[in-house]
Amino acid sequence: MQAIDDKDLGTPARLSRNPVTLEVDGRAVTVQAETSVLRAASLAGVMIPKLCASDSLQAFGSCRLCLVEIEGRGGFPASCTTPVEPGMKVHTRTEKLTRLRRGVMELYMSDHPLDPFECKAGGKCELHEMARVVGLEQVRYQPQGRNHLALSTDDSNPYFSFDPSRCILCSRCVRACEEIQGTFALTIEGRGFDSLMSPGQHQQFIDSECVSCGACVQACPTDALMEKSLLGRGLADRAIVTTCGYCGVGCSFKAELRGDEVVRMLPNKDGLPNHGHSCVKGRFAWGYATHPDRVVKPMIRKRISDPWQEVSWDEALKYAASEFKRVQQKYGRGAVGGISSSRCTNEEAYLVQKLVRAAFGNNNVDTCARVCHSPTGYGLKTAFGTPAGTQDFDSVNQSDVIMVIGANPTEGHPVFAAIMKRRLREGAKLIVADPRQIELVRMPHIAADYFLQLTPGTNVALLNALAHTVVSEGLANEKFVTERCDQREYQIWRDFIVGKQNSPEVAETITGVPTEKIRGAARLYAKGPNSAIYYGLGVTEHSQGTTAVLAMANLAMITGNLGRAGVGVNPLRGQNNVQGANDVGSFPHELTGYRHLSDPRLRAEFEREWHAKLDGEPGLRIPNMFDAALDGSFKGLYIEGEDLAQSDPNSQHVVAALAAMEIVVVQDIFLNETSKYAHVFLPGSSFLEKNGTFTNAERRISRVRKVLPPLAGKEDWQVTCELACALGYPMKYGHPSEIMDEMARLTPIFAGVSYEKLGRLGSIQWPCNESAPEGTRVMHVGDFVRGKGRFLLTAYVATDERTSARYPLILTTGRILTQYNVGTQTRRTKNVAWHGEDRLEIHPHDAEQRGIRDGDWIELASRAGAATLRAAISERVQPGVVYTTFHHPQSAANVVTTENSDWATNCPEYKVTAVQVNPTSRRPERLPAGQLPQSWRQSAS
Ligand code: SF4
Ligand code: SF4
Ligand code: SF4
Ligand code: FES
């Protein structure tokens with residue numbers, strides 16, 4: 001069922017530029033060539049009854065309800081499959097048509113519950129509506145004769161049900177699954193009367209290939225496929241447009257409400273990142289927002305071994321402020337700091353760094369992007385001048401070659417993956433570089449042209465070899481390089497890249513990827529003509545993360561794949577607001593818009609606006625804060641929305657550092673692993689409970705709107721303001737729009753952004769300023785932001801993390817579709833039906849050597865520590881490599897990751913850890929507060 005206020009024009013828009021004028025029931029209308037008569041009629045304000053057609057699906061022409069008469073033509077063509085022609089005269093309301101449509105509807109209704117009150121869609125069922133529209137008053141055939149009314153319902157999916165007795169076999173669900181989602185999970189089985197819509201081969205939804213994106217549910221015109229959240233609650237009476245709080249795709253949703261209760265999250269057809277599509281998390285996994293585990297009262301305790309005490313907001317904030325002040329008096333101004341989260345809004349992250357700089361008086365502020373995409377910021381800014389992706393998502397529709405490196409879009413960025421898959425089905429070529437065989441490598445109607453299955457930690461060697469091939473085989477785009485890039489640096493780089501050490505032959509010995517595959521992939525990418533790179537944490541979370549980002553920038557420049565649609569270098573950001581948290585000055589050395597705070601004129605601007613004196617020395621990064629805490633010089637931390645103890649590497653080091661601090665303030669929606677080490681807990685607000693903005697991976701700023709009142713009474717930005725006030729620094733705003741206005745005043749890339757404009761345009765991609773008043777879809781058109789593009793040397797340096805006889809396997813990590821990061825939210829939803837625990841994927845050969853069977857408990861041990869989880873035997877990983885997700889604290893996967901990090905940004909090297917795997921009788925244990933778990937054993941080797 002569509003949204004309560006969405007209009008469906010019947011068939012998709014056509015991109016043709018040739019206008020065609022026709023007449024529908026005497027009304028002249030001009031549309032693009034190839035548009036259907038059904039859509040043209042809708043645009044002319046004439047509603048033709050329809051059932052199998054929808055403007056988000058290609059026309060199918062099966063229901064025969066949209067029949068029309070066309071002057072000069074015989075018969076009654078289906079308007080959804082008939083294209084317009086110049087001068088056509090269409091009639092939609094003749095006597096004959098009415099009779100025919102009634103006949104069609106009578107047949108449908110004869111095999112369908114007749115009483116509209118029985119309809120679970122509560123009066124919004126298109127079938128019942130069409131019966132009314134065609135004036136069907138009675139059905140002559142029911143209940144005699146064969147029918148489907150006794151078929152039983154498939155309730156296996158946690159979020160929606162399928163009642164085949166309500167199915168009219170319109171195939172909208174099947175087409176939605178194929179065309180929109182690209183999963184091909186549904187079929188219409190059988191023939192004639194025995195036809196049935198079915199997931200897979202007579203399977204239940206939960207056992208099928210279905211990934212629960214909900215596109216079929218949204219497409220269904222009856223109550224056959226129906227969200228369970230609507231059952232018993234009824235349909236919404238209003239909707240509020242907001243932005244998904246999960247991943248960096250930043251899908252736009254209509255939160256539908258009945259009274260004060262959210263009944264459904266429906267992807268917004270006008271949402272530019274998602275065009276009405278979504279994944280299982282955004283559409284269905286929002287129940288955590290009202291989960292009974294939510295903490296809604298502030299709490300304090302003197303020691304972390306004490307029980308929590310609920311207190312008033314006033315008392316909690318005063319206590320936190322007095323402790324921060326005490327610590328600063330005793331240990332110095334720099335003994336405290338703050339960490340913001342990419343889960344929070346731009347406005348909230350901005351306020352955290354403002355509090356640290358203006359109220360704490362130092363620059364000890366960092367954000368969780370430190371542990372994911374900081375190399376992206378550093379690398380892309382150095383090469384091109386802007387620390388962000390170059391394209392909008394829709395750009396991929398014009399790509400001829402798509403290279404996916406170190407990313408798993410179908411799991412991590414599913415809605416963008418759906419767009420990418422559609423482009424691949426249309427014929428774009430695909431190169432995948434990954435240690436693990438991700439789903440994209442081979443799936444229905446898609447097969448990678450090159451799968452470069454490299455050894456973890458060798459991205460730079462592979463990227464250099466690709467560039468080497470391009471240059472040495474004369475495939476470089478010399479014109480682009482001459483016009484757009486710094487020539488001196490290019491010549492130095494050219495001499496470097498053609499060196500033997502970067503040849504595919506040498507790369508094969510490092511990466512394990514055969515020379516011919518490297519050459520073939522390089523040729524394919526270079527010849528494009530439009531080639532785009534999409535990458536993820538499999539590139540950045542390495543000791544050479546920044547080098548790899550620079551190597552991709554080199555590759556894109558040498559082939560001229562920048563500055564237009566269909567090309568570019570594009571990070572797939574993990575969390576909803578990684579881009580935004582970086583943009584708004586969350587790093588210790590930068591103010592908003594990525595400007596170094598050592599510039600006195602810049603600081604003076606902020607000092608005037610903030611009425612505070614700013615320190616010109618960069619502060620501590622997250623890992624430096626932990627080191628300083630263990631040294632005894634860093635004693636207090638304000639953490640907004642981040643579970644450091646679970647998400648940061650080498651967890652035992654992290655918790656030892658937290659335990660060494662005298663005041664840890666955690667602001668979050670649930671108690672988490674980090675809050676076990678906290679002295680003050682300030683209840684946070686979920687994305688449904690606040691106003692603000694998120695910025696997605698395509699630099700798109702979108703509004704987050706308050707749908708429900710905050711359970712704890714305050715939005716997160718208000719809490720930060722009140723903490724600043726309690727610290728003696730007045731920070732007052734009436735609404736987050738005022739915070740955005742302040743950011744716009746202080747930040748050239750946001751200069752033209754305001755809530756008013758966001759409301760008008762829906763969303764804005766920065767830079768948005770005088771020269772780009774409506775934002776910027778594609779960066780670096782004509783010139784790079786920094787002027788000339790920079791080629792930088794990217795010598796491959798092997799990571800210090802080496803396998804040994806004791807730790808012979810390499811562990812790499814990733815995500816799964818149904819869970820999100822450390823699982824704080826998704827583990828509190830029905831998504832656990834799909835992924836109730838983290839498992840370790842191990843190749844059958846390695847498993848056999850160790851006597852491990854599928855599902856056995858294993859101990860995963862590294863030089864940093866050990867974790868316990870179950871094995872999943874899989875050929876997705878190559879021998880010598882194991883893989884796990886990190887969504888569950890019980891498995892404590894980050895316990896084993898080391899402290900190695902990117903040379904430029906300290907981004908941890910999550911993706912390469914030498915490990916051993918052995919069967920164990922041990923079971924995972926909960927982490928006790930204030931002490932290190934017994935199972936964490938430091939190793940000497
Ligand atoms: S929920 Fe999505 S994946 Fe599952 S059958 Fe429907 S459209 Fe296909
Ligand atoms: S389940 Fe709904 S969308 Fe699918 S064929 Fe049946 S009526 Fe059509
Ligand atoms: S793709 Fe990402 S932003 Fe979109 S619905 Fe899923 S989790 Fe939310
Ligand atoms: S809407 Fe045209 S045939 Fe069904």
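Which residues surround ligand 3? I looked this up before anything else.

**Conventions.** I note that this is a predicted model, in which local features need pLDDT of at least 70, side-chain atom pairs count only at pLDDT 80 or more, and totals for chains, interfaces and linings use all residues. Residues are numbered from 1 along each chain as its sequence is written, chains are lettered from A and ligands numbered from 1 in the order in which they are written, and side-chain values use heavy atoms, with hydrogens and water left out.

**Ligand 3.** I find Cys 244, Tyr 246, Cys 247, Val 249, Gly 250, Cys 251, Phe 253, Cys 279, Lys 281, Gly 282, Pro 414 and Val 415 around ligand 3; a residue is near a molecule if one of its heavy atoms lies within 4 Å of it. At least two residues of this shell come from each of α6 (280-284) and α11 (414-425). Helices (H or I, at least four residues) and strands (E, at least two) are DSSP runs, numbered from the N terminus. I sorted the shell into nine nonpolar, two polar and one charged residues. Here Ala, Val, Leu, Ile, Met, Phe, Trp, Tyr, Cys and Pro count as nonpolar, Asp, Glu, Lys and Arg as charged, and the others, Gly among them, as polar.

The shell of ligand 1 includes Phe 160, Cys 177, Phe 205, Cys 210, Cys 213 and Cys 216. Two or more of its residues come from each of α4 (172-181) and α5 (215-219). By class I record nine nonpolar, three polar and no charged residues for ligand 1. Ligand 2 has 13 residues around it, the closest being Cys 167, Cys 170, Ser 171, Cys 173 and Cys 220. That shell holds 10 nonpolar, two polar and one charged residues.

**Cysteines.** How many disulfides does the count give? I counted zero, taking a disulfide as a pair of cysteine sulfur atoms within 2.5 Å. Cys 247 is buried, at 10% relative accessible area, and Cys 344 is buried at 5%. Buried means under 20% relative accessible area, exposed over 50%, and partly exposed in between (1.4 Å probe, protein chains only).

**Cores.** A nonpolar core is a set of buried Ala, Val, Leu, Ile, Met, Phe, Trp, Tyr and Cys residues joined through side-chain atoms within 4.5 Å. In the largest core, of 67 residues, Leu 225, Ile 402, Met 420 and Leu 430 touch the most other members. Its largest share, five residues, is from α11. A second, separate core has 61 residues, including Ile 300, Val 365, Ile 739 and Cys 768. Beyond four places in sequence, Leu 225 is in contact with residues including Phe 160, Cys 173, Phe 205, Cys 216 and Cys 220; contact means heavy atoms within 4.5 Å.

**Helix α24.** In α24 (716-726), I list Asp 716, Trp 717, Val 719, Thr 720, Cys 721, Leu 723 and Ala 724 as buried. They pack against elements including α7 (313-331), α8 (346-360) and β25 (636-640). Gly 728 follows α24 and has a positive phi, near 100°.

**Thr 81.** Thr 81 is in the loop between β3 (69-70) and β4 (89-91), and is partly exposed at 42%. Leaving aside neighbours within four places in sequence, I find Thr 81 in contact with Ala 59, Phe 60 and Gly 61.

**Confidence.** The chain averages a pLDDT of 91, with 95% of the residues scoring at least 70; pLDDT is the predictor's confidence in each residue, from 0 to 100. For residues 927-941 the pLDDT is below 50. Where pLDDT is low, the predicted coordinates should not be read in detail.
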